[in-house]
Amino acid sequence: MENVEPENPECDGEFAFETDHLALRGNKDYCELLKYIVRLEALKLQALKDTEDLAEQQNRALDDPLQFVEDLKLGKINFPPRQHVPEPPNIDWNSYGIDTTMDDDFRDVKSNKNDDSSTKVRGRKFTDNKPETFNQLWSCEEQKRLEELLEIYPEEPIEARRYKKIAEALGTRTPIQVMSRIQKYFAKLAKAGLPIPGRAPKRVGREKSKSIFYKKSTFFPQLHVPVKMEDPYDSGDVLESTSTLESKSGQKHMLDLLKAAKDQRVLDEISPIYQTKTMCVGCQKTGFLGARWTDNTGTDYCTDCVVKLLPAEKLIPIRTPV
């Protein structure tokens, strides 16, 4: 007569490995752990499938970004939902004579060790998914080749395609690195007042450089010209205050000029005079009413042109006809 192994009600019908000890097969905590591991394996397989789907969508977006955006607006593209990782089962390890505090200390030490031993490139952590040239400075040879490729590959409606072609021809940088370098290169050209082989970045022309220092740069290896670079420790505030003082001085000059012109108009109503032999350089009229505004170098304005033009010269009103 065959021996039939009785079912263990505490296991709730969960499976066990044939190599497991009999004591483990009837352990409820062991069954819960197996169930948790099976769930994690299922989530892992789903995550791998979702990663492949996302990579396929990324390739579609890079090949035809405009069509990808249209499909996204129409709801034709479905992204995988976010997965929820369940919490591990709550097991009383002390009942098995296991000191969990030692495991916590070991995990902390291991975590610190991994953080300290991680590879860094110029202060930034390097991982396996990073390119070999991650956070590395561009060489002068790479910059010269980049400038040649900018002329070989003109602008395109989708700039990502241009960056991809340049990266493939360059051979040492990724399209993202090429895009970042080109944007910075154009910005440096705009600030240095040099011609830009492409459209200038937005807001570059309106920004005023606040730095008076020059730093060496690999952006212009063939020109060897000094390039203004922003320095967080420079004395830009001095230049800012100087320009502010000049602006205030110019406003004060205009106000004083307008006030003096008003006083001359009052005098013209009381005792009008005419400059019969003096020609105004602004309106080219001779014999105008009022004082002649002169800088004693042969330049004369009438009061109307002074109010209209607001010359920057220091003018003196003279009412005596010449």
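Is cysteine 283 buried, partly exposed or exposed? It is partly exposed, because its relative accessible area is 30%. Buried means under 20%, exposed over 50%, and partly exposed lies in between, with a 1.4 Å probe and protein chains only.

Before going on, some ground rules. This is a predicted model: local features need pLDDT of at least 70, side-chain atom pairs count only at pLDDT 80 or more, and totals for chains, interfaces and linings use all residues. Residues are numbered from 1 along each chain as its sequence is written, and side-chain values use heavy atoms, with hydrogens and water left out.

Stay with the cysteines. The whole structure has zero disulfides, a disulfide being a pair of cysteine sulfur atoms within 2.5 Å. For cysteine 283, the nearest cysteine sulfur belongs to cysteine 280, 3.7 Å away. Now cysteine 302. Its closest cysteine sulfur is in cysteine 305, at 3.5 Å, which is too far for a bond. Cysteine 302 is buried, at 5% relative accessible area.

Next, the cores. A nonpolar core is a set of buried Ala, Val, Leu, Ile, Met, Phe, Trp, Tyr and Cys residues joined through side-chain atoms within 4.5 Å. The largest has 13 residues; Leu146, Leu150, Ile166, Val178, Ile182 and Phe186 touch the most other members. Two or more residues come from each of α5 (140-152), α6 and α7. Helices are DSSP runs of H or I, at least four residues, and strands are runs of E, at least two, numbered from the N terminus. The largest share, five residues, is from α7. Another core lies apart, with 10 residues, including Leu257 and Cys305.

Now arginine 173. It sits in the loop between α6 (159-170) and α7 (175-192). What does its side chain reach? It makes a polar contact with the side chain of glutamate 142, at 3.1 Å. A polar atom of the arginine 173 side chain also lies 3.2 Å from the backbone oxygen of leucine 137. A polar contact is a pair of N or O atoms within 3.5 Å; within protein, one must be able to donate a hydrogen and the other to accept it, and residues adjacent in sequence count only if both atoms are side-chain atoms.

Last, the sheet. Three strands form an open, antiparallel sheet, ordered β8-β7-β9. β8 (300-301) and β9 (316-318) are at the edges with a single partner strand each, so one side of each has no neighbour in the sheet. Strands pair if DSSP finds at least two bridges between them. Three bridges join β7 (292-294) to β9. Tryptophan 293 stands opposite proline 317 in β9.
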